[in-house]
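Please read the following note with the sequence and the model at hand. The points are numbered so that each may be checked in turn.

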Amino acid sequence: MDLKETCISSEPIYEGSFIRISRDQIRLSNGKESQRMVIRHPGAACVLAVTDNDEVVLVRQWRYAADQAVLELPAGKLDVEGEDPAECALRELAEETNYTADSVKLLHTFYTAIGFCDEKMYLYQADGVRIGSTLSNDEDEITETVLLSREEVKAALKHDEIKDAKTLVGLQYWLMNS
């Protein structure tokens, strides 16, 4: 079955520092026309970093849109067009926590809100995780590093304390593959 939707026209609604929003007129696979609101995003990377003590490195930060502090894997958007997501993942770990890593390995890619946004998330697993970062957060970011054991992660999941999708994906991978 052909499900492809084809763009007929695109009207820019908003262009910000890293996202663009457009209203697209599309042709459905059945020949009819419709509209789609689309957020264009440069993509992002997140990193599953586990210490030698088998504790996952998370950050707690205020998320204005959710109006709450949220536990998350260290993550951030790709800063420049064509940036290597692996380099982004290593940078975000070092900026948002006091940890660094020797390298990262790609685990999965997924879309964060596929119904209206093209943001592609790259989930990496860090190797050689250790304290020693000399980087710091962006000026508009305030984070707290949080280390959780497997049992603490399981308890947090059971009590619905982790609400961020990328973090849920990464933590489930860690719990199921170790």
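Does Lys-154 count as buried, partly exposed or exposed? At 42% relative accessibility, Lys-154 counts as partly exposed, where buried means under 20% relative accessible area, exposed over 50%, and partly exposed in between (1.4 Å probe, protein chains only).

1. Basis of the note. This is a predicted model, in which local features need pLDDT of at least 70 and side-chain atom pairs count only at pLDDT 80 or more, while totals for chains, interfaces and linings use all residues. Residues are numbered from 1 along each chain as its sequence is written, and side-chain values use heavy atoms, with hydrogens and water left out.

2. Lys-154 forms a salt bridge with Glu-151, the closest N and O atoms being 3.5 Å apart; the term denotes a side-chain nitrogen of Lys or Arg within 4 Å of a carboxyl oxygen of Asp or Glu. Both residues lie in helix H2 (residues 150–158), three residues apart, which is about one turn of the helix. Helices (H or I, at least four residues) and strands (E, at least two) are DSSP runs, numbered from the N terminus. Glu-151 is exposed, with a relative accessible area of 54%.

3. The structure holds 18 salt bridges.

4. Pairs that involve strand E3. Glu-5 forms a salt bridge with Arg-36, with 2.8 Å between the closest N and O atoms. Glu-5 lies in the segment before strand E1 (6–15) and Arg-36 in strand E3, so this pair ties together parts that are 31 residues apart in sequence. Arg-36 is partly exposed at 30% relative accessibility. A further salt bridge is formed by Asp-118 and Arg-40, whose closest N and O atoms are 3.4 Å apart. This pair links distant parts of the chain, 78 residues apart: Asp-118 is in the loop between strand E9 (103–111) and strand E10 (120–127), and Arg-40 is in strand E3. Asp-118 is partly exposed, with a relative accessible area of 27%, and Arg-40 is partly exposed, with 31%.

5. A nonpolar surface patch. Strand E3 (residues 33–40) also contains Met-37, which is partly exposed, with a relative accessible area of 41%. Met-37, Ile-13 and Tyr-14 form a nonpolar patch on the surface, with about 290 Å² of accessible area together. Such a patch is made of residues with over 30% relative accessible area and no salt bridge, nonpolar side chains (Val, Leu, Ile, Met, Phe, Trp, Tyr) being joined within 5 Å and like charges within 9 Å.

6. The largest pocket. About 1,100 Å³ of space lies in the largest pocket. Of the 32 residues that line this pocket, the closest to its centre are Phe-18, His-41, Arg-63, Glu-72 and Glu-119. A pocket is, on a 1 Å grid over the protein atoms alone, an open set of points where a 1.4 Å probe fits, with protein on both sides within 12 Å along at least five of seven lines; lining residues have an atom within 4 Å of a point. By class, the lining has 14 nonpolar, five polar and 13 charged residues. Among the elements that each supply at least two lining residues are strand E5 (56–63), helix H1 (85–96) and helix H3 (165–176).

Notes
Areas by Shrake-Rupley, 256 points an atom, 1.4 Å probe, with all protein chains shown as cover. Points joined across faces, edges and corners; volume = space filled by probe spheres on them. Nonpolar A, V, L, I, M, F, W, Y, C, P; charged D, E, K, R; others polar.
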